[in-house]
Amino acid sequence: MKVKLEIGPIQVESIESASGIFISQMNIVNGWHSQEKNNYGFGDFGDQNVIENCISIVSDDDFIDAPMNDNSIIIEKKLKPQNTNTDISLGDIQVETMDTNSSITIGDSLQTGWRSQSKINSGIGDFIGDNLTKNNRIFLYDNDIIDSPVKNVQTASVEKHKTE
């Protein structure tokens with residue numbers, strides 16, 4: 001069996017945590033995991049903003065801040081691709097931003113058990129384009145006793161992939 005993939009241009013503004021673009025006949029994406037905690041005094045800003053004379057206060061004084069437990073079980077199965085000839089014709093791929101744990105793959109791929117954990121405190125978010133900030137006051141308090149403990153426990157991997 002012959003498989004022919006013709007794909008025009010792909011334009012992506014942002015690929016966030018634990019996500020991707022996969023182009024092929026067989027992609028195995030198994031057990032991806034992402035945990036995130038964000039505190040922003042202001043969020044993200046697009047183009048042409050004026051932020052003036054503002055006060056931003058972020059107070060995040062937890063005893064234990066953002067405990068992250070990943071108890072995923074990854075179950076892998078034996079897979080055999082069919083006898084095929086895959087022809088991929090691709091225009092172009094334009095991606096502006098790729099975040100943690102992101103992927104662009106072309107062709108058969110096996111991606112198992114990706115993990116990402118993050119904690120972000122920001123008095124003001126991200127700026128994109130031309131923006132003006134002046135006379136702002138930003139206060140960030142993060143007086144945690146224990147800050148973002150991460151515990152990853154991969155409990156099982158039942159079978160290994162076989163692509164022959």
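**Note on an all-strand predicted model**

1. Start at the surface. Ile55, Ile57, Phe139 and Tyr141 make up a nonpolar patch with about 420 Å² of accessible area together. Patches are built from residues with over 30% relative accessible area and no salt bridge; like charges are joined within 9 Å, and nonpolar side chains (Val, Leu, Ile, Met, Phe, Trp, Tyr) within 5 Å. A salt bridge here is a side-chain nitrogen of Lys or Arg within 4 Å of a carboxyl oxygen of Asp or Glu. Areas come from the Shrake-Rupley method with a 1.4 Å probe, and for residues only the protein chains shown count as cover.

2. A word on the source. The model is predicted: local features need pLDDT of at least 70, side-chain atom pairs count only at pLDDT 80 or more, and totals for chains, interfaces and linings use all residues. Residues are numbered from 1 along each chain as its sequence is written, and side-chain values use heavy atoms, with hydrogens and water left out.

3. Now the overall make-up. The protein has 18 strands and zero helices. Both are DSSP runs numbered from the N terminus: helices are H or I of at least four residues, strands E of at least two. Of the 164 residues, 26% are buried. Buried means under 20% relative accessible area, exposed over 50%, and partly exposed in between (1.4 Å probe, protein chains only). The protein exposes about 10,800 Å², and carbon and sulfur atoms supply 46% of that. Among contacts with a separation of 6 or more, 84% join residues 24 or more positions apart. Contact means heavy atoms within 4.5 Å.

4. Back to the patch. β7 (55-59) and β16 (137-141) each supply at least two of its residues. Ile57 sits in β7. Ile57 counts as exposed because its relative accessible area is 55%.

5. Beyond its neighbours within four places in sequence, Asp60 contacts Lys37, Asn39, Asp65, Lys119, Asn121, Tyr141, Asp142, Asn143 and Asp144. One of these, Tyr141, is also a member of the nonpolar patch.

6. Strand β5 deserves a look. Its side chains alternate. His33, Gln35, Lys37 and Asn39 point to one face and are buried. β5 pairs with β14 (residues 115-122) in the parallel sense, over eight bridges. Strands pair if DSSP finds at least two bridges between them. Asn38 stands opposite Ile120 of β14.

7. Ser122 belongs to β14. Ser122 counts as buried because its relative accessibility is 16%. Its side chain reaches the backbone oxygen of Ile124 at 2.2 Å. Leaving aside neighbours within four places in sequence, Ser122 contacts Asn39, Tyr40, Gly41, Val58 and Leu140.

8. Two backbone angles to check. Most residues other than glycine have a negative phi. Gln48 is not a glycine, yet its phi is positive, about 65 degrees. Gln48 lies in the loop between β5 (33-40) and β6 (49-52). With a relative accessible area of 59%, Gln48 is exposed. Asn135 also has a positive phi, near 55 degrees. Asn135 is in the loop between β15 (131-134) and β16. Asn135 is partly exposed, at 48% relative accessible area.

Definitions and conventions
Polar contact = N/O pair within 3.5 Å; in protein donor to acceptor, adjacent residues only side chain to side chain.
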